[in-house]
Amino acid sequence: MGACLGACSLIGCASCLCGTAPCLLCGCCPASRNSTVSRLVFTGFLFLGVLVSVIMLSPGVESQLHKLPWVCEEEAGNPMVPQGHINCGSLLGFRAVYRMCFSTAAFFFLFTLLMMCVRSSRDPRAAIQNGFWFFKFLVLVGITVGAFYIPSGSFSKIWFYFGAVGSFLFILIQLVLLIDFAHSWNQRWLCKAEECDSRAWYAGLFFFTFLFYALSIAAVTLMFIYYTHPGDCHEGKVFIGLNLTFCFCLSIVAVLPKVQDAQPNSGLLQASVVSLYTMFVTWSALSNVPDQKCNPHLLTRLDNATVLAGPEGYESQWWDAPSIVGLIIFILCTLFISVRSSDHRQVNSLMQTEECPAGPEVMQQQQQMEVCEGRAFDNEQDGVTYSYSFFHFCLVLASLHIMMTLTNWYRPGETQTMVSTWTAVWVKICASWAGLFLYLWTLVAPLLLPNRDFS
């Protein structure tokens, strides 16, 4: 771990050490908006924590963690691992992930409080947001070192529930970002079709809409095959059937004439993206069902034989398909949070961001980019382009979500084991239902509240 942190500190020093808001970029880099550069650097801090967490899950590093004071102190009495449990040697890696993600969450929560009510870059706190990267990196390292010396006790059990709540909220944020992405995609291609007077853009939208629906139907079919059995797994059948029905109803609502009149940009592309994401969340939930008959991903034993609880002979098998797909979606959505600028007013209201700059503002920013070649220019003197505090709160939730993803949503058990529970299943299923309701609200809100501006 010391080598990783040492290498990371060199990377931090190589970037902007302690610059002011318009942090100096390398000469080969194009001029960039200060707001975008700051978000990308903070996201880089988060990804650095994710990288350290992944390294901590590797068997070689886990064997070295026995030297720290919070490792397991007892040997496992039974060499065989019960169904749905993972031995103490594996728990070491999970404890490391919990502490690493705790440190990143605490770091971003500190900035969530510090950056409340910042209105423009003229606020002295904006200089802290957009500069002093080396010192902020030192703060993150200090919190991380302290987190690794938190006494074991009930920390992991309590932090599991914090992670479940944070991950629930971040699943909703991911859905909002996907809706925004599909909305921008649909609007851009429709504009291209009108400008070029070409049907190829319409054909492209139709193709991807059909593809997303086809993938959703394929996912439903595979889930019924692998996660249900005749006369058993009734919960899985109910979850799959309900979400399939909800997605079908939302697709119909999205193309109703009254909805189209109120929101001309709504359509089946957004509904297909929401349906596909809902099926992914359903699949992820079913992969946590604590029943061997209904969950082929449930870990039973690590080596199909005996497993040693100490640092010798340990072999991990964490990276199942739902975790890999979840990690990819997490990375893409987190990067999108850092660079997004949207013209979807409802999404901007939910994400606490402003709309895309208008024509004169774009011209002014282009002139600044020409003058500030190789530097980040300040584009927030008249007002911030995003809520600093809410952005950091999103990264807090992202830290909790990646913690749950890397640990497969397994809960620390009573006897130094990690247990798959129904808590993870219900959190994910309820998050999928809340996301579907949220999308339904974006469709019908202009009809239910005609006096409000939803244009």
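How do H11 and H16 run relative to each other, and which word describes them: roughly parallel or roughly antiparallel? In this predicted model, the close-up views below begin with that pair of helices.

**View 1. Helix H11 beside helix H16.** The axes of H11 and H16 come within 8 Å and cross at roughly 170°; since angles over 145 degrees count as roughly antiparallel, the two helices are therefore roughly antiparallel to each other. On the H11 side the contact is made by Gln270, Ala271, Val274, Thr278, Val281, Thr282, Ser284 and Ala285, which meet Val425, Lys428, Ile429, Ser432, Leu436 and Tyr439 in H16. Sorted by class, the residues of this contact of H11 with H16 are eight nonpolar, five polar and one charged.

**View 2. Ala285, a buried residue of helix H11.** Ala285 belongs to H11, the helix that covers residues 268-286. Its relative accessible area is 0%, and because buried means under 20%, Ala285 counts as buried. Leaving aside residues up to four places away in sequence, Ala285 touches Val425, Lys428 and Ile429. The C-alpha atoms of Ala285 and Trp409 are separated by 9.5 Å, although these residues are 124 residues apart along the chain.

**View 3. Helix H7 beside helix H16.** Here H7 (residues 155-196) and H16 (residues 422-448) have axes that come within 9 Å and cross at roughly 30°. Because angles under 35 degrees count as roughly parallel, H7 and H16 are roughly parallel to each other, and H7 passes H16 in a right-handed crossing. The residues of H7 that take part include Phe160, Tyr161, Phe168 and Ile179, while those of H16 include Val427, Cys430, Gly435 and Tyr439. By class, this contact of H7 with H16 has 16 nonpolar, two polar and no charged residues.

**View 4. The largest nonpolar core and the surroundings of Phe330.** Among the 81 residues of the largest nonpolar core, the ones that touch the most other members are Phe42, Phe45, Phe108, Phe330 and Tyr439. Helix H15 (residues 388-406) supplies the largest share of this core, namely twelve residues. Not counting residues up to four places away in sequence, Phe330 touches Leu46, Phe47, Val50, Phe170, Gln174, Ala398, His401 and Ile402.

Definitions and conventions
Residues numbered from 1 in each chain as written. Predicted model: local features only at pLDDT ≥ 70, side-chain atom pairs only at ≥ 80, totals over all residues. Heavy atoms only, no water. Axes fitted to C-alpha atoms, helices over the stretch in contact; angles between N-to-C directions. Helix = DSSP H or I, 4+ residues; strand = E, 2+ residues; numbered from the N terminus. Parallel < 35°, antiparallel > 145°, perpendicular 65-115°, else oblique. Left-handed = near helix turned anticlockwise from the far one by under 90°. Contact = heavy atoms within 4.5 Å. Nonpolar A, V, L, I, M, F, W, Y, C, P; charged D, E, K, R; others polar. Buried < 20%, exposed > 50% of the residue type's maximum accessible area, 1.4 Å probe, protein only. Core = buried A, V, L, I, M, F, W, Y, C linked by side-chain atoms within 4.5 Å.
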